[in-house]
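Below are my notes for a colleague opening this entry. Please read them with the structure in view.

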Amino acid sequence: MRIPLIVGNWKMNLTTKEAASLVEKLKSRFSNIEGVEVAVCPPFTSLETVSKLCKESSIHVGAQNMFWEEQGAYTGEISPLMLKDLGCKYVILGHSERRQFFGETNENVSRKVKSALKHNIIPIICVGETLAQREAGETDRVCREQLQESLKGIDNLEGNEIVVAYEPVWAIGTGKTASPKDADHVANFIRLILANMYSAKTAERVRILYGGSVKPENIVEFMAQPNIDGALVGGASLKADSFGEIVHLCLV
Ligand code: PEP
């Protein structure tokens, strides 16, 4: 039984004060929530504040990125030890914005995934095709390559948890979404790849999220798909009302 997971990716938004105010509102909306897991991924600057505020609440905290090394001369980077220290349960890895604007490669992602698992941080591995790739019929190939290469060198996932987020690049922040059926097709395909790489049992327990312009108006249809176990939410996670509604609609 996979518990639905809704993750808010705040991206490069909100000052620490604004982040604290949003999380306070979310806490009151999610007190005693059961049957769905909620996580928020603030910018590094407000991780500590948000993490402290979320202690003893039902909201988990994640980071939006990390470097693979534990410490050293890597100016501007944040290590898994630092995230662990701040109480991060999750880290988003390989988001398309990291790939597009910061040159992140599958090889980088694979090093980060290994490091996250070593430090007991659950990686949320993002895969997804661009519009040109979709139009060329390459969606499955792109997602397969990204996933296989991100998990390269990880021989088994026994005792380790990963989450995969299918995020069509053309649907992120655009208001466009994949159709729930198309998203479920890719989620099912991702599960088959995991079954092939590891085992059917492992594939069955991995949570696969959809991401790309998720909002209260469309979450129910995505959640109704058999292979979609939750959502990675960008824009709509920045407002307590819309994020709160998305989470509550998952319980319907
Ligand atoms: C994201 O940042 O992962 C995302 C899906 O953004 P949005 O919900 O704004 O499309």
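1. His 95 places a polar side-chain atom 2.9 Å from an oxygen atom of the ligand. Note that the model is a predicted one, and the distances here should be read with that in mind.

2. Lys 11 also faces the ligand through its side chain: one of its polar atoms there lies 2.7 Å from a ligand oxygen atom. With Gly 173 the backbone takes part, as a polar backbone atom of this residue is 2.6 Å from an oxygen atom of the ligand. The ligand taken alone exposes 290 Å², and the protein buries 96% of that area.

3. There are 14 residues around the ligand, and those that come nearest are Lys 11, Glu 167, Gly 173, Ser 213 and Gly 234. Sorted by class, this shell holds eight polar, four nonpolar and two charged residues.

4. Turning to the helices, how do α5 and α7 lie relative to each other, parallel or oblique? The axes of α5 (residues 106-118) and α7 (residues 139-150) come within 8 Å and cross at roughly 45 degrees. The two helices are therefore oblique to each other.

5. On the α5 side, the residues that meet α7 are Asn 106, Val 109, Ser 110 and Val 113. Their partners in α7 are Glu 145, Gln 146, Glu 149 and Ser 150. By class, this contact comprises four polar, two nonpolar and two charged residues.

Conventions: Residues numbered from 1 in each chain as written. Predicted model: local features only at pLDDT ≥ 70, side-chain atom pairs only at ≥ 80, totals over all residues. Heavy atoms only, no water. Near = heavy atom within 4 Å. Polar contact = N/O pair within 3.5 Å; in protein donor to acceptor, adjacent residues only side chain to side chain. Areas by Shrake-Rupley, 256 points an atom, 1.4 Å probe, with all protein chains shown as cover. Nonpolar A, V, L, I, M, F, W, Y, C, P; charged D, E, K, R; others polar. Axes fitted to C-alpha atoms, helices over the stretch in contact; angles between N-to-C directions. Helix = DSSP H or I, 4+ residues; strand = E, 2+ residues; numbered from the N terminus. Parallel < 35°, antiparallel > 145°, perpendicular 65-115°, else oblique. Contact = heavy atoms within 4.5 Å.
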